[in-house]
Structure formats: structure tokens, C-alpha cells
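Reader: I'm new to reading protein models. Could you walk me through this one and tell me where the words come from?

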Amino acid sequence: MEGDLRSFALKSALEEVRNLCPDISSVFMFTEDGEITASDQGTPEASIVRIIDALDGLLEKAETMGGIELVTIRGNRGEANLSHISHEYLTTVTTEKADQNVNLMTRSIITTVLRLLEKMNLAQVQTTPAETITKPVESAGPAEDLAEQAKQPVEQSLEKPETTESERVETTVNHETAQSEPLANQFIVENAQGMLVAADTVRVDRDTLQRWEDLQNRKIEEVEVETFGGQSTRCKIKPIKETKLEGKGIIQMPQKIQRLLNLNKGELVKVKPITEQEDDGP
Amino acid sequence: MTKKKKETGLTSEVTEPIALHLTVSESDLRAKLEGIKGHEGVIGYILRNSHSASIDLKDPAKIIDYAVLSSSAIDASEEIVDQFNVGDIKSIVVEGKNAKMLSMIIDENRISIFMEKSVDVETLKNALSK
């Protein structure tokens with residue numbers, strides 16, 4: 001589903017909630033990456049940005065408690081609530097007159113809308129072969145095995161009986177491409193945490209990235225991430241910062257990319273570096 | 001010095017009651033917190049003001065983590081109440097997947113109580129407000 005449509009649906013839901021409950025003075029949503037998803041009309045974006053900045057430290061430090069589920073700030077003139085719903089944060093500000101159930105009700109409505117949007121998104125992906133859906137990589141295994149495979153001569157052209165000169169040239173070019181076919185590795189998806197996470201960058205362990213670079217003899221800056229459902233996308237690649245996560249076969253992925261590929265934490269993906277040829281285009 | 005103090009009676013009249021009030025309030029809070037610490041599921045507390053800080057946690061390895069969390073929660077909440085005109089902070093409850101934290105600002109004292117998820121926050125609030 002288009003991001004705009006999703007945002008529109010959420011914004012409409014938030015507006016309706018606010019219309020139904022006049023005691024809600026402000027309601028908005030943002031992702032774990034700190035990106036504003038939707039807000040009611042009355043809340044200035046600048047205020048939301050300031051709140052997200054202010055919450056950055058708290059959301060990060062709350063890892064001590066296993067991550068945040070709910071924050072309730074009670075003041076003498078109202079209350080602010082922050083709920084963690086499906087990789088996003090819903091913030092509701094109510095006046096002191098508001099019923100305690102207002103927050104529960106808002107959370108339930110938004111949770112339902114989010115689930116509905118996810119299902120619609122899934123249905124759309126299943127019915128329309130979108131541009132991002134590509135054929136899955138047939139061979140995906142340890143880098144060493146694939147490196148061996150890449151070194152094997154490609155025999156496909158030998159099966160063809162007679163080829164013209166131009167076809168021969170083309171076949172030779174294809175062989176070179178095949179020999180330098182990048183290696184696909186499998187990784188377990190892990191959420192990329194923090195507000196300053198680049199939405200277009202995934203992280204894998206330094207050794208894997210180094211191995212790819214050694215085999216390609218060039219710096220790898222982009223990879224293709226592919227799900228086992230066949231969806232794929234290109235994104236930037238960087239090494240994992242935390243040394244404790246090295247060698248665990250995980251890929252740190254921002255929520256935006258997870259949503260795009262209909263992925264969740266813990267799922268398996270195939271990742272292959274983008275070759276020079278792919279970089280340059282056909 | 002003693003003579004000077006006697007001469008400036010106004011100064012001693014102003015400073016002494018404030019000092020006395022702070023001491024009573026802080027010691028009173030500390031006593032309440034000690035009582036709360038005995039509640040089932042309470043992990044510990046942090047009491048902080050401009051001149052002192054007391055931390056009592058069952059797991060000393062988490063002192064820094066919890067101190068930073070407490071401070072971050074109060075700072076973020078101050079920004080939120082300021083932006084959305086919610087008034088003065090009465091209480092902050094942060095619920096994580098494994099634990100909960102109740103923070104309150106009483107006079108100049110910033111209190112954070114850490115507890116297991118099963119603990120009823122309202123009971124602790126009442127115990128602090130008595």
C-alpha cells in the first residue's frame with residue numbers, strides 16, 4: 001500500500017477519534033525511527049518533532065525494562081499517553097476532564113486500523129505483481145559455498161547448438177556477469193533501534209561485509225534484500241555498530257524497510273551485494 | 001561570626017525555616033520510600049534533589065541504567081507537559097516489557113520507584129502522597 005494512503009487512513013482515524021472525544025487535545029503517531037506517521041490537524045508538526053526528540057533518550061534507555069509499552073504522564077491540567085503499538089508509538093494528550101477509558105478506546109481503535117491496513121497491504125501485494133517483487137535467488141547459502149559455485153565455469157552456453165557471433169559475444173559477457181555474481185547470505189531480521197537510524201540503511205556484521213568486499217574487490221555500498229515471499233528492495237549497507245551482535249547472523253533493519261517488505265523481527269531474508277554491473281544499470 | 005548572626009536576625013529567620021522544611025520533607029520521603037521498598041515486587045527507588053541523591057536498588061548492577069532512565073523520563077515529561085500545556089507533573093508511569101517505573105516530583109525532590117509489572121502503581125502513589 002502506498003505510504004500516502006496509509007498515512008491518510010491513519011490521519012482520518014485520528015481525526016475521527018478526536019471528533020468523538022473532545023477531551024482529546026492532541027493525538028499523533030510516529031514510528032520507532034522517529035518518523036511522523038499521522039497527526040490530527042490541530043497539532044503543529046514542530047511540537048511533535050520536539051516531543052519525538054525529547055522522547056528519544058527515554059525510548060532508548062527503556063531497553064533496561066525490555067522496551068517501552070506505555071508511558072503515562074499525569075499533570076494537574078491533563079494527561080499525556082504514549083503507547084507502543086506494532087512498531088509505532090501513539091501519543092494522546094487529554095484534558096483533566098477526560099474519562100480514563102478515552103486512552104484505552106483510542107488505542108483499541110488505532111490498533112484495529114493498523115491491523116486492517118496491514119491486511120489490506122498484504123492482500124494488495126498478493127494480488128498485484130508489484131515492481132519490487134522479483135524472482136527469489138535460487139541459491140542462497142554460506143558465502144564460501146557460493147564462492148565455490150561462482151568459480152565454476154558456466155556451462156549453459158555449451159548446451160546451445162549453434163550460435164551467431166553476436167550471440168557468442170553476448171554469452172561471454174553473461175559468463176563474466178555470472179562469474180562475478182554476488183553472494184547471497186541469509187540473515188535474521190532485527191529491528192534497527194534509535195531515532196537517528198537512517199531509514200534506507202541496513203546493517204550486517206562487519207566480517208560478512210568485508211568478505212563480500214574482498215570477493216568483489218570493491219567497496220559494497222548497496223545490497224538487495226529479498227524475502228522468501230519473493231519481495232525485494234535495494235538499500236544501503238553498513239556494518240553493525242554493536243560488537244555483541246557480530247557473528248549472530250542478524251541484519252538490523254529499519255521499520256520502513258520491514259514494512260515495505262512485509263517483514264517482522266525474527267524473519268529470514270536473503271541479502272546480496274549489488275554488483276558494479278547492477279549499479280551501472282543495463 | 002556568632003555576633004554577626006545575631007545582628008542580622010532577618011537572615012537567620014529566613015534561612016532556618018527553609019532548611020528545616022527541606023530536611024523534614026526529604027527525611028519524611030525517605031521514610032516513606034523505605035516503607036514502599038518493602039512492598040512485594042518493588043525493585044528499588046531513586047530519590048534525588050539539588051543537594052543529594054539516594055539510590056536503593058536490589059540489583060546494584062542496574063544503578064546507572066535506572067538512574068539514566070529516571071532522569072530521561074522526567075526530562076522528556078517536562079518537555080511534553082510544556083508543549084501540550086498539561087500543567088505541572090503529578091506523576092509519570094513508564095511501563096516496559098519487564099518492569100515499571102513510577103516517577104513523581106514532590107517539592108524539589110525527584111522520586112523514581114522501580115517495580116515488577118504486577119505491582120499496582122496507584123497503591124504506591126497513595127503511599128507517597130499520604
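Reader: Why are α2(A) and α3(B) called roughly antiparallel to each other?

Author: First, this is a predicted model, where local features need pLDDT of at least 70, side-chain atom pairs count only at pLDDT 80 or more, and totals for chains, interfaces and linings use all residues. Residues are numbered from 1 along each chain as its sequence is written, while chains are lettered from A and ligands numbered from 1 in the order in which they are written. Now, the axes of α2 (residues 45–61) of chain A and α3 (residues 63–83) of chain B cross at roughly 165° and come within 8 Å. Angles run from 0 to 180 degrees between N-to-C directions, with axes fitted to C-alpha atoms, for helices over the stretch in contact. Under 35 degrees counts as roughly parallel, over 145 as roughly antiparallel, 65 to 115 as roughly perpendicular and the rest as oblique. So α2(A) and α3(B) are roughly antiparallel.

Reader: Which residues make the contact of α2(A) and α3(B)?

Author: Among them are I51(A), A54(A) and L55(A) from α2(A), and L69(B), A73(B) and A76(B) from α3(B). Contact is a matter of C-beta atoms, placed from the backbone, lying within 7 Å. By class, there are nine nonpolar, four polar and three charged residues. (Ala, Val, Leu, Ile, Met, Phe, Trp, Tyr, Cys and Pro count as nonpolar, Asp, Glu, Lys and Arg as charged, and the others, Gly among them, as polar.)

Reader: What makes β2 of chain A and β2 of chain B stand at the edges?

Author: Ten strands form an open sheet, in the order β2(A)-β1(A)-β5(A)-β4(A)-β3(A)-β3(B)-β4(B)-β5(B)-β1(B)-β2(B). Each of those two β2 strands has a single partner strand, so one side of each is left without a neighbour in the sheet. Strands here are DSSP runs (E, at least two residues), helices too (H or I, at least four), numbered from the N terminus.

Reader: How do you know that β3(A) and β3(B) pair?

Author: DSSP must find at least two bridges between two strands. Seven bridges join β3(A) to β3(B), which run antiparallel, so the pair passes that cut-off. In that pairing, G75(A) stands opposite I89(B). Within chain A, β1 (residues 24–31) and β5 (residues 88–95) also pair in the antiparallel sense, over seven bridges, and V27(A) has T92(A) as its bridge partner.

Reader: How many residues of chain B are in contact with chain A?

Author: 29 residues of chain B are in contact with 29 residues of chain A. The largest share of chain B's side, twelve residues, comes from α3(B).

How values were computed:
Contact = placed C-beta atoms within 7 Å.
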